[in-house]
Amino acid sequence: MQNKTIFDKLGGQANVDAAVVKFYQKVLADPSVSHYFKNTDMKKQTEMQQKFLTMAFGGPNNYKGRDMKAGHAGLGITTAAFNTIVKHLGDTLKEMGVPASVIAEAAAVAETTRADIVEKK
């Protein structure tokens, strides 16, 4: 039997898409990180994030965006901001009834992007 992907454990595309919408509601309501998105087309951002997380979580790869380093260059994202974003993702998944073990797997995937997203000083 093949191991299920995070994508499968989350329940597939509809649940990943719903999680991203709820996640961005949290992010945009948080003044400590919402400013990173002040000049962002959130409809486009949401769609890109849905495709990225689908791919990153082991689902179909329809992501055509820039790599994480290029996509976040010059934004000045701090370690604290990155941690807050990951927490919002975890909180979103928890509210959706995702088991803690799957949330930990999703956080581990997010962690692999830290070096490309957090700006070095």
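Trainee: Is Y63 buried or exposed?

Mentor: Y63 counts as buried, at 17% relative accessibility. Buried means under 20% relative accessible area, exposed over 50%, and partly exposed in between, with a 1.4 Å probe and protein chains only. Keep in mind that this is a predicted model, where local features need pLDDT of at least 70, side-chain atom pairs count only at pLDDT 80 or more, and totals for chains, interfaces and linings use all residues. Residues are numbered from 1 along each chain as its sequence is written, and side-chain values use heavy atoms, leaving out hydrogens and water.

Trainee: OK. What about F52?

Mentor: F52 is buried as well, at 14% relative accessibility.

Trainee: How many aromatic pairs are there?

Mentor: The count comes to 3 aromatic pairs. Rings of Phe, Tyr and Trp (its six-membered ring) pair if their centres lie within 6.5 Å; planes under 30 degrees apart are stacked, over 60 edge-to-face, and the rest tilted. The rings of F23 and Y24 have centres 4.9 Å apart and planes at 55°, so that pair is tilted. For F52 and Y63, the centres are 5.2 Å apart and the planes at 70°, so that pair is edge-to-face.

Trainee: Where do F52 and Y63 sit in the chain?

Mentor: F52 is in helix α3 (residues 42–56) and Y63 is in the loop between α3 and α4 (68–72), 11 residues apart, and the pair links distant parts of the chain. Helices here are DSSP runs (H or I, at least four residues), numbered from the N terminus.

Trainee: Which residues do ring pairs link into a cluster?

Mentor: F23, Y24 and F37. F23 is buried with a relative accessible area of 5%, and Y24 is buried with 4%.

Trainee: Switching to helices. How do α5 and α6 pack?

Mentor: Helix α5 (residues 79–95) and helix α6 (residues 100–111) pack at about 155°, with axes 10 Å apart. Axes are lines fitted to C-alpha atoms, for helices over the stretch in contact, and angles run from 0 to 180 degrees between N-to-C directions. α5 and α6 are therefore roughly antiparallel. The cut-offs are under 35 degrees for roughly parallel, over 145 for roughly antiparallel, 65 to 115 for roughly perpendicular, and oblique for the rest.

Trainee: And α2 with α5?

Mentor: The axes of helix α2 (residues 13–29) and α5 come within 9 Å and cross at roughly 130°. That makes α2 oblique to α5.

Technical notes:
Helix = DSSP H or I, 4+ residues; strand = E, 2+ residues; numbered from the N terminus.
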